[in-house]
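Let's walk through this structure together, one step at a time. Keep the 3D view open as you read.

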Number of protein chains: 6
Amino acid sequence: MPTIHVEMFEGRTLDQRRKLVKEITEGTCRALGCPADAVQIILTDIKKENWAEAGKLFSDS
Amino acid sequence: MPTIHVEMFEGRTLDQRRKLVKEITEGTCRALGCPADAVQIILTDIKKENWAEAGKLFSDS
Amino acid sequence: MPTIHVEMFEGRTLDQRRKLVKEITEGTCRALGCPADAVQIILTDIKKENWAEAGKLFSDS
Amino acid sequence: MPTIHVEMFEGRTLDQRRKLVKEITEGTCRALGCPADAVQIILTDIKKENWAEAGKLFSDS
Amino acid sequence: MPTIHVEMFEGRTLDQRRKLVKEITEGTCRALGCPADAVQIILTDIKKENWAEAGKLFSDS
Amino acid sequence: MPTIHVEMFEGRTLDQRRKLVKEITEGTCRALGCPADAVQIILTDIKKENWAEAGKLFSDS
């Protein structure tokens, strides 16, 4: 029953999302030996003004 | 002090949200014996292109 | 497909957990009109030394 | 490697975000003795119709 | 900068964890075209008494 | 009503936790102009075998 959350910068295309969930699901099944339909994935798009490293927003980098 | 996060498909009406937080709060208080004002709930709307099962986006199902 | 995360202080009994997930699931279905088997819930137990309000750990309150 | 998520009401200015991630990063480094570039922060803006306390949405308060 | 959280039932071996993070990282890089060292993954082990579907704990199924 | 989650490697002392929540709360209040008692913080300890970067667990680094 793996449930997976992916946070990434906004701007990914629909095709990238499709490929991403397919890759992560297949890799998870290979690693854990679980069926594909047990894997749920939720993607979250993060704006650069909402992600910071070293105390600085990525929109300011 | 239960803090509850609900992820659901986008498109719920304001009335559904109202009813949802009321139902979850009351059910939580009945189960745990806590006062209603100790219960915090955050709702997150997920687009079908951001939720996948079995390696496939719900927007493609 | 609601996915629900509940964070609460540690120490709840198995019976309270059982009742909690039953109550939240039924309340969610009444509010959103979804089938019960679409509702996933994950409970997380938080130690009082890991939860703070007003800058103070609950273990120090 | 602290990873920090902040959920807050929507409407904060870019300047408030800048100050927030700077303050949290510096405070974390002072408390944990870690370098600033080990601290990642993700901010999430929550609408008042998606946050509830005591079974009531903040948009209805 | 993808940050990925995986929730799964407890009991996975260290080797399964190793394989899981390798597979997910490589799949994410293939899908998004990002470097491997931009991918952070946090695994969370969930007890069956803390995960429910259809209002029933998995420890009771 | 900021709600803050901090994920960090396990092993922090109680004193570090105390200082951490105090620092983050005060910094948040300075940045957002909110009262201290509106700030909730939950700390999560992550084992090195559950955190990975570049496809490799920190316990293997």
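This is a predicted model: local features need pLDDT of at least 70, side-chain atom pairs count only at pLDDT 80 or more; totals for chains, interfaces and linings use all residues.

What does the angle tell you about α1(D) and α1(F)? The crossing in which α1(D) passes α1(F) is right-handed.

Now look at the side of each helix that takes part. On α1(D), the residues that meet α1(F) include Leu20(D), Ile24(D) and Ala31(D). On α1(F), among the residues that meet α1(D) are Lys19(F), Glu23(F) and Arg30(F). Taken together, the residues of this contact divide into eight nonpolar, six polar and six charged.

Next, turn to chain B and find His5(B), which sits in strand β1, residues 3–9. Is His5(B) buried or exposed? Its relative accessible area is 15%, and buried means under 20%, so His5(B) is buried. Leaving aside neighbours within four places in sequence, His5(B) is in contact with residues including Ile42(B), His5(C), Glu7(D) and His5(F). With Glu7(D), there is also a polar contact of 2.8 Å between the side chains.

Finally, some chains stay apart. Chain C and chain D do not touch, and their nearest C-alpha atoms are 12 Å apart. No contact joins chain B and chain E either, with their closest C-alpha atoms 12 Å apart.

Key
Residues are numbered from 1 along each chain as its sequence is written. Chains are lettered from A and ligands numbered from 1 in the order in which they are written. Side-chain values use heavy atoms; hydrogens and water are left out. Contact means heavy atoms within 4.5 Å. A crossing is left-handed if the near helix is turned anticlockwise from the far one by less than a right angle, and right-handed if clockwise. Helices (H or I, at least four residues) and strands (E, at least two) are DSSP runs, numbered from the N terminus. Ala, Val, Leu, Ile, Met, Phe, Trp, Tyr, Cys and Pro count as nonpolar, Asp, Glu, Lys and Arg as charged, and the others, Gly among them, as polar. Buried means under 20% relative accessible area, exposed over 50%, partly exposed in between (1.4 Å probe, protein chains only). A polar contact is a pair of N or O atoms within 3.5 Å; within protein, one must be able to donate a hydrogen and the other to accept it, and residues adjacent in sequence count only if both atoms are side-chain atoms.
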